[in-house]
Structure formats: C-alpha cells, structure tokens
Amino acid sequence: MEADETRLPFDAQEYAAAAYAQGKSLTDMQTELSEQLQSVRRSLYSLINERYQDFLGLGTSLSGLDTSIASLREPLTEIKGEIQSAHLELQTELDHLDSRLAYRTQLREKKQMLRLFLDLGQLLERASMILQEAKATTEQTDYIKCLERAAVDLSQIRYFAKKGEGLPFVVNAQPRIEQVEQSLLDALEQFLSSCAKRYVELATASKAEEADMYEMARNIAQSLRAYSAVEETDKAELILRSSMVQPFAKRIFGSQPGRGMGLDPAKFSDMLQQVLQFVKAVGVPLIRDIEAHMSASSGSTGYHFATHVFWQEIATSMMDSLPLVFVPGMPARFHKNYQTACSFVSAFGDVFSLADDAFKDGVSEYEVLALDPTFIEFHRKWQLLAYFSIQKKLIVGALEDSNFKDIHEATPGLENGQNDVSRPQTPSMSSKLTKPNRDKLEPIKRENGLLTEQAAQALWAVSRCWSRDVYLVPLAANFWQLTVQVLLWYQHSVEKRIQQLIQAQIADSETDQLLQHIHDTYAVNAAVFKQIRTICQLIPIASAHDSEGEKSMISSLGTAVTQALAPLEALVRKARDAIASTIVSQCTANLVSNLRRTTSQYRHTNRPPPTAASSFVSKLFTHMATMEIKIDSMESSNGSVDFGSTIKQIMRNRVAKDVSREFAKVCLETLVTLSKTEASLQRLRSKSRGAGARIDTGYAGDLPVPPGIDLRGKAPDTDNDKIRRQIWLDVVQLSQIISDYGVEPSDEFSSFAQLIHPFGK
C-alpha cells in the first residue's frame, strides 16, 4: 500500500474496487490490510506518546457537565407541564363548541324539514284547489291558465318531494302527489289534443279564420308552457304528433294498396306534395304563432316541432304503410321514387327554413333533424346497394363476351356496400353476355367517332353509370368503381383482339382493324377524361363549387383512369410496330429487283449517264401514303381526338428509318458486288497482258467505293460509274422524301449517304 493510504477516513468500497482493478486476490488484500492495521496502531501509539498530557486531560475537561444539565432540566419540565395543561383546556372548549354547532345544525335541518312539510302540504292543497277550479270553469282561456298555474305548483311539489326523498311525511304524501300529477297531465292532454285537432280543422278549411287560428295557437302555446314547467315536453310533442299529423299521414299513406310495391312515381310525388301542402298550411303557421306566444318566456322552449312532431310521424307512417317502396324490385321506379323522396326532404327543410333556424340554446333545428333516429332510419331504409346490384347486372349484361364476373371477384366488398374505389386487378375473360342494342351504340359511335364495337360498348356502359335515370348520389363510389371495371373490361377485350390480329397473317384488312383499335383507344381515353368533369359535378364532394377540391378530384379520377388503361399503351405500341413492319415489308418488297434493273440498264447498253433518280424511289412510300389517307379519314370522323398527327408522326419515323436502313443495305450490297466485279475484270486483264504487268490497285473487291473514284464535277464514262451515279441520285431523292415527311432516316442510311458522296455531281 501507498503511504497516504494510512490516512483516515478509509473507504473500503473504493479500496476493494481499486484492488480488483489491479487484479489482487483476497489473500493479497488480507495481507495488505493487516499491514495497514499494524501501521495505524503504531501511528496511534506514537500520537498518544507525543501528546500524553492532552490525552490525560480528556476526562478532566468534562467535569461539572452533569450539574449544568440538571439545572437546565427543571425549568424545561415546568414549561412542558404548563403546555400540556393549556392543551387540555383548549381541547375541552373545542369539544363544547362542536357539540353546540351540531345541535344548531340539527335544529336548522328540523326547521327546514318542518318548512318543507308545510310548503309541500300547502302546494298540494293549492294544486288540488286549482284543478277543482279548472273543472268548474267553462272558458278555455281561464281553464288553461288554471292548468298552467297547477303545472308550476306541480313542478315545485316534485322539487320538494325529491329534496325530502325518504322522509316519512314525503312517503305518506306520495299517493296524493301522484294523484295531482295524473289529474293535471290528463287534463293537459285532453285540452292540448282538442286544441290541436281544432287547429288542423281551421288550417285546412277552405276559408280559415285568422282570429280563431291565433286563439287556438295561444291555447296550444299555454299548454306547451305547462308541459315545459313539469318537464314533460316529450309528451306534449307526442300528443301534437298523434292529434295533428297522424290522422293525415295515415289517410295519405295508409290507403295505398300493395304496401307500396311498384308504386307509380307520379303518384308517390303527388302524395309527398300533399304532405308538403299540409305542412305549409298547418305546421308553418302553428310554429310561428307558438313561438310568438312563447317568446316572452325566459329560457329555451325545449321543443323541436318540425322534427319531433311533423317529420317523425310522416316518416314513420311512410315506412310502416309503404315498406315496399324502399325495395328496388322495379329499378326505374325505385330511382324516381328515391329522387322524389330526397327532393321532399330538401323541400321539407326549406318549408321550415331549418338550415337558417337556430333556437336560444344554440342548437340548430337542421342538426336536430339530421341526428334524429327516424331521419337516419328513413335513409337507411332505401335499399341502395340492392338497386346498384340490379343496375350493375343490367349494364354488365349489355356487354358482349365480358369478364365482369372475374372483375367483380378481383374487387371484393362491392356487393357489401364497401366504398373501396381502389383499382381492381386485371381480370380474365369468362362469361358470355348480351350486347347492347345496336341502336344505342350508333349515336355513341357518331358522337365520339368510334370505329369498333368494344369502344362503343365501353363508352355506353360508362355513360350509363352516370346517366340521370341510373346514378344516385349515395352510390357515387360504387358507380365509379363500376366505371373503372368497365374500362378494365375494354382494356382486356381490346388486348385480346389486338393479340389475335398481330398473331394472324398481317394483311390490309388486319392492318385496318389494328388502326381502328388504335384510333378508338385514343377516342375512349379522350371521351372518359371529358366525362370526368361531368362526374365531378355529380359527386357530392365536388358539389360545393370548391375549385381546388374539384381540381384535386379530377386529378385523382384521371389517375385511376390512366391506371386502368395503362396496359393499352404497350399494346398500342405493339400494334403500331406490327403495322409499321407490314408497311416496311410492302415498301421494300421489290427493292432488290429494282436495283438489279438499274444495274442491267447501264451494263453494256451505252446509255447516257443518269440525271434523275429512279422512278421506283418516288413510289417507295406509296403504302405509307395509303395508310395516312386511312388515318386522315379516321381522324376526320372525330376531330376532337388527337389521333392522326400523333400516329402519323410515329409511323413515319418508324417506316422511314426501317425503309432507309433496308435501302442502304441493298445499295451497299450492290456497290460491293460492283466493286468485286471490277476487281475481277482488272485481274483478268492484267493476266492477259503478261506476268510482268502491273495490277491497278485502285480497285478493291470488298469496298463499295474503291479508292481513287471521284465523280464529282464530271460525267461518268464507264457503265459502273453510271450505276454508281444512279445509286447516288436515288439516295439523294430518298433523303429528300424522308426530309419532306419531317422525320430522320436511319443512322446506317446517313452513314451510307456520306460514304457515296464521291459519286455525286
């Protein structure tokens, strides 16, 4: 151990950690600590020896300390006793005060109970007397005033009875309280019912008396105030509903035979118009007059007449009496009846100005109607998903040889009403369905410039989904999903047909059909994107005239359409390539024979040098021109589709490159053959002149342009040079034709044109 480790205090944990870090064993640590102990003892002995006098004085310095402590203990003990005595006296006083306060509280409660007993008795007595007084009066005005006073007393009686709940005198008075309550409610119900019926008679009379209606409204308002006083507003609304609206609703809806099955939309509309007329004649003036009479009362009225009185009874009667009108057995009638019902709900809200009306409690009557269980049940009652299934079958059934069964299986949840508008997976063809009526397809073909049945069927199905006699707003997501499925059907149908045409021996008829399908893919894409704007106006989210929201929706729907038709892009490219290959084959079919004819024209004929291109060069693109005429005729049938300029430019570029590449290849082979022939003749001539004759190295059999040949600025004099000049003229002419088309030749052709530049003028 180090010397400084003998100092105190000694930290055992720190020492053990340091020893462990140094790798010391327990034996080493024991030895080291023993040495330390001996060192400490020696230090202690040395210190005692050095300061022995101080060591001996440790005991003598504490002498007299006990006496000092004893002198202090006595006064402290006296103080402690005084404090305990004072504490006992104070606790006694506090206990006395608590007992007196408890006694006083008990007296106050007994006094309150006594007053409660007296007040309750007085209120019961007074309420009974008021009810007896009401029975004796003959005037309706005095009668309802008595009932209103009794209602106020009954409200107080209920308050006191609840406050003294469980007390003997309250329990004993309970039968009398119930008797007063029942008598008052019976009297109010009878009076309110009679006034409500009388008000309906006056309001629906041919010549209504304003004064009488106003008086009846005042009596009804006073009755409603009485019901509000006893917190029985629900009963009051139920009485008004059964007395005023129920007889009329049963007469309108209950008299229909067949429980609404196949109900004529015109008749259904007439029924709802009668309901609106009744509401306007009875409900609007009644609510206006009641609110006028009750405006002086403080606080909220607590009544929602439009919803709880008129709407609930009308909707309930309709659902009970005409349950089959909500069933889409006849989809056309169901559609019209649903639209009529929605218009009725909107008109009902307009009659009462629900959207603009707000009561004192801050609750809009429109919110009350929207959250009413009857309102929610009324809308759920309409079997919209069943209607959609029927319309889907009608639309799908009108498409020929479709794969809608597999499309539907690839889009689960549609029958269950899930609004999943994600893009379905590409399906496969399976079922055989009927075609739409050709009379329905012809207008669509003319309008959109379509040339194929599949395109017309697809656009017919899409337009059918969003037509006014099929589409319903709550089914927007379902019909959009069906639209995407129709596009998938079209994509798959066209893909199958194009594959068949490509795999077949390409002829003019197949080429024409391929062009028609390519044209119609452009036309369908343009027509669908055009209809997306109309669709956005029909979908509720875009109906708020929010330009940003509409742009976002158009973008989203456009993306879905693009994804559905995306496979057609590759297919169209494949079809274009097949057409282009056919045209190239037709253009270059006689290219070799034409070049041979050029060679034979100048071989041993002594013809003058050529000054113009061969006649066949100007006819190389005759088949392409014919194809462009067909494309122009297709484009003229529908000018709104940017089909002609796009497809012609693509076809020109492809045909020009392939034809020029083949032309350069054949010409190159011809020139190489020409050079080889010249080289062979040169060698024969050299042999005939003798072994020592020098061979003209200006000719090489493997070069299309032998070294030393430059025809620029002079007329060719040999047959071979005339042939070379003719090929050069043909290349120049072809370059000009390609340039006039607005495209570029192939790289091979450009390189070849540069190679034979010495053959030019």
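Guide: Let's start with methionine 319, which counts as buried because its relative accessibility is 10%, under the 20% cut-off for that word. Please keep in mind that this is a predicted model. Methionine 319 sits in helix H10, which covers residues 305-321. What does methionine 319 touch, once its neighbours within four places in sequence are left aside? Its contacts are Phe326, Thr374, Glu377, Phe378 and Lys381.

Now let's visit another methionine. Methionine 244 belongs to helix H8, made of residues 233-253. With a relative accessibility of 1%, methionine 244 is also classed as buried. Leaving aside neighbours within four places in sequence, you will find methionine 244 in contact with Ala196, Tyr199, Val200, Phe278, Val282 and Leu286. Serine 194 is 50 residues from methionine 244 in sequence, and their C-alpha atoms are 9.8 Å apart in space.

Helix H17 runs over residues 453-465, and its 13 residues should span 18 Å at 1.5 Å a residue; the end C-alpha atoms are 18 Å apart, so the two agree. H17 is mostly covered, with 11 of its 13 residues buried. Among them are Trp460, Leu459, Val462 and Cys465, along with Glu453 and Gln454. Look also at the start of H17, where a side-chain oxygen of threonine 452 comes within 3.5 Å of the backbone nitrogen of alanine 455.

Helix H18, residues 476-503, can be checked in the same way: 28 residues should span 40 Å, and the end C-alpha atoms are 41 Å apart, which agrees. Because 20 of those 28 residues are buried, H18 is largely enclosed by the rest of the structure.

Is leucine 76 buried or exposed? Leucine 76 is exposed, because its relative accessible area is 58%, over the 50% cut-off. You can find leucine 76 in helix H4, residues 65-136. Together with Leu72, Ile79 and Ile83, Leu76 forms a nonpolar patch on the surface, and the four have about 430 Å² of accessible area together. Here is a handy rule for looking at such places: an α-helix has 3.6 residues a turn, so residues three or four places apart point the same way.

Methods
Residues numbered from 1 in each chain as written. Predicted model: local features only at pLDDT ≥ 70, side-chain atom pairs only at ≥ 80, totals over all residues. Heavy atoms only, no water. Patch = residues over 30% accessible without salt bridge, like charges linked within 9 Å, V, L, I, M, F, W, Y side chains within 5 Å. Areas by Shrake-Rupley, 256 points an atom, 1.4 Å probe, with all protein chains shown as cover. Salt bridge = Lys/Arg side-chain N within 4 Å of Asp/Glu carboxyl O. Helix = DSSP H or I, 4+ residues; strand = E, 2+ residues; numbered from the N terminus. Buried < 20%, exposed > 50% of the residue type's maximum accessible area, 1.4 Å probe, protein only. Expected span 1.5 Å × (residues − 1). Polar contact = N/O pair within 3.5 Å; in protein donor to acceptor, adjacent residues only side chain to side chain. Contact = heavy atoms within 4.5 Å.
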